[in-house]
Amino acid sequence: MGKLTKNQKLALSKIEAGKAYSLAEAAEKVKETNYAKFDASFDIDVRLGVDPRKANQMVRGVVTLPHGTGKQVRVLVLCTPDQETAAKAAGADYVGLDEYIDKIKGGWTDVDVIITQPAIMGKIGALGRVLGPRGLMPNPKSGTVTQDVAKAVEEVKKGKIDFKVDKNGIVHTSIGKVSFTPKQMAENAREFINTLIKLKPATAKGTYIKSIYVSSTMGPGIKVDSKSIED
């Protein structure tokens, strides 16, 4: 491990070693220990008692955060002409089909979410090598392949995110900004964790929520007492 900077030492000094904080306290600590000069993301890491190598223990889902993500989400809708007006009215940043498919083939991926219709997926399949590694491939499970593209755009703009457990059994994602109030941060975190709990696989044995940590983009991880989620 490299030498700690002055800011890192100061941030760590504000956390009690080994202590698990209540969700409300942890949100306060994230703000206290953030030293970034930009509006850092509010991140969460949850270690689950699952084996992601087994298909029946893969945890994946979507959640609409009560206070949104705090960032402008750029949405591309790939749809048939009859859906274009509705998609634009719902707030999509880019709307079209063949011209955007050609742009993506050329390497363009300057968006955060791509939404499309089931009938269009045949055309998008060839883009997997470009979109897959960037997490941009539309997927029915995340609600980004749908007949109602306008509704999907509205949900994403309001703060809907999708997530999945990684190969180590950890779900990591951003659920807001450090500029949020501690109450907003805690409420977003509670909604996210409760969604994870609802997705517990029937085949998962033992402790499901093994640990919860929250942090800012550059700040230290702060352990959360899982019992406080019910407060």
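Ile 115 is found in strand 5, where strands are DSSP runs of E with at least two residues, and helices are runs of H or I with at least four, both numbered from the N terminus. The structure is a predicted model, so local features need pLDDT of at least 70 and side-chain atom pairs count only at pLDDT 80 or more, while totals for chains, interfaces and linings use all residues. Residues are numbered from 1 along each chain as its sequence is written, and side-chain values use heavy atoms, with hydrogens and water left out.

Back to Ile 115: with a relative accessible area of 0%, Ile 115 is buried. Here buried means under 20% relative accessible area, exposed means over 50%, and partly exposed is what lies in between, using a 1.4 Å probe and protein chains only. Contact means heavy atoms within 4.5 Å. Not counting residues up to four places away in sequence, Ile 115 touches Val 75, Leu 76, Val 77 and Leu 78, along with Thr 144, Thr 146, Val 149, Ala 152, Val 153 and Val 156. From C-alpha to C-alpha, Ile 115 sits 36 Å from Thr 207 in space, and the two are 92 residues apart in sequence.

Now for the sheet around this residue. Strands of a sheet pair through backbone hydrogen bonds, either parallel or antiparallel. Two strands count as paired if DSSP finds at least two bridges between them. Three strands make up an open sheet with the order 4-3-5 and parallel pairing. Strand 4 (94-96) and strand 5 are the edge strands, each pairing on one side only. On average, neighbouring strands of this sheet are turned by 15° against each other, direction ignored. For such angles, axes are lines fitted to C-alpha atoms (for helices, over the stretch in contact), and values run from 0 to 180 degrees between N-to-C directions.

Strand 3 (residues 75-78) pairs with strand 5 over four bridges, in the parallel sense, and with strand 4 over three bridges, also parallel. Leu 78 has a bridge partner in each of these: Thr 116 in strand 5 and Gly 96 in strand 4. Within strand 3, Val 75 and Val 77 point one way while Leu 76 and Leu 78 point the other way, and all are buried.

Helix 4 (residues 98-105) touches strand 3, strand 4 and strand 5, and its direction makes about 115° with that of strand 4. Helix 7 (residues 149-158) touches strand 3 and strand 5, with its direction at about 160° to that of strand 5. Helix 7 also holds Lys 158, which counts as exposed at 60% relative accessibility. Leaving out residues up to four places away in sequence, Lys 158 touches Leu 65 and Gly 68.

Another open sheet has four strands in the order 7-1-8-9, and the pairing here is antiparallel. Its edge strands are strand 7 and strand 9, each of which pairs on one side only. Strand 8 (residues 209-216) and strand 9 are joined by two bridges in the antiparallel sense, and Val 214 has Ile 222 of strand 9 as its bridge partner. Helix 2 (residues 23-32) packs on the sheet and touches strand 1 (41-48), strand 8 and strand 9, its direction making about 35° with that of strand 8. In the segment after strand 9 (222-223) comes Ser 228. Ser 228 is buried, at a relative accessible area of 5%.

Strand 2 and strand 6 run antiparallel and are joined by five bridges, with Thr 64 standing opposite Lys 160 in strand 6. Strand 2 has Gly 61 and Val 63 on a covered face, and Arg 60, Val 62 and Thr 64 on an uncovered one.

Finally, there is the largest pocket, which has a volume of about 880 Å³. Of the 31 residues lining the largest pocket, Asp 112, Val 113, Gly 135, Ile 161 and Asp 162 are the closest to its centre. A pocket is an open set of points on a 1 Å grid over the protein atoms alone, where a 1.4 Å probe fits, with protein on both sides within 12 Å along at least five of seven lines; lining residues have an atom within 4 Å of a point. Grid points are joined across faces, edges and corners, and the volume is the space filled by probe spheres set on the points. Strand 6 gives the largest share of the lining, five residues.
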